[in-house]
Amino acid sequence: MLLKNVTYLNEDFEVVKGHLLIKDGRISVLTSPCDHNEVVDCSDYVIIPGFYNAHFHGYSILAKGIARDMKIEDWCNDTAQGKIQTKFFENIDKLSKEEYQTILMKAYIEMVKNGIVFASESEPSNWPEAAEEALTKVGLKGFVDCYNE
């Protein structure tokens, strides 16, 4: 596939305009457009590298706001907010594999929509295989970081 007239970020982190060829999964910079059977005019587009999320908790899409204005060392304390956090974390582990995978897929789709191409899923509850399967289903590259207690 030939991408012609594209604005992109080069290896020196400079914004330039040119032509890119995608062949066999590799991207090459061309000095002039070549003949190709699949050409996309990218005059109106900017191509940027994919982003990596090096530490992510897929369940966090359910947890928005429960840690607001709290230091991490105060999480799950005896305050009303801390008790809500405790209940939240206790109940994440009660989800079925299918429920957990659905939550993860929603989170991963949001990542892809925002230009993220790789994610490291951290502490995937009781279901590390659900995280691996969700990454694959969504088409996101990733790593599942889990541990045994």
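Predicted model: local features only at pLDDT ≥ 70, side-chain atom pairs only at ≥ 80, totals over all residues.
Before you start: residues are numbered from 1 along each chain as its sequence is written. Local features need pLDDT of at least 70, side-chain atom pairs count only at pLDDT 80 or more, totals for chains, interfaces and linings use all residues, and side-chain values use heavy atoms, with hydrogens and water left out.

**Exercise 1.** Work out which residues of helix H2 are buried and what they pack against.

*Solution.* Start with the helix: H2 covers residues 97-113 (helices are DSSP runs of H or I, at least four residues, and strands runs of E, at least two, numbered from the N terminus). Next, pick out the buried residues (under 20% relative accessible area; exposed is over 50%, partly exposed in between; 1.4 Å probe, protein chains only): Tyr100, Gln101, Ile103, Leu104, Ala107, Tyr108 and Met111. Down the axis of H2 they fall within an arc of 160 degrees (taken from the directions from the helix axis to the C-beta atoms), so they line one face. Their packing partners are strands S6 and S7 and helices H1 and H3.

**Exercise 2.** Count the disulfides.

*Solution.* Look for pairs of cysteine sulfur atoms within 2.5 Å: there are zero disulfides. Cys76 is partly exposed at 35%, and Cys146 is partly exposed at 42%.

Technical notes: Expected span 1.5 Å × (residues − 1). Contact = heavy atoms within 4.5 Å.
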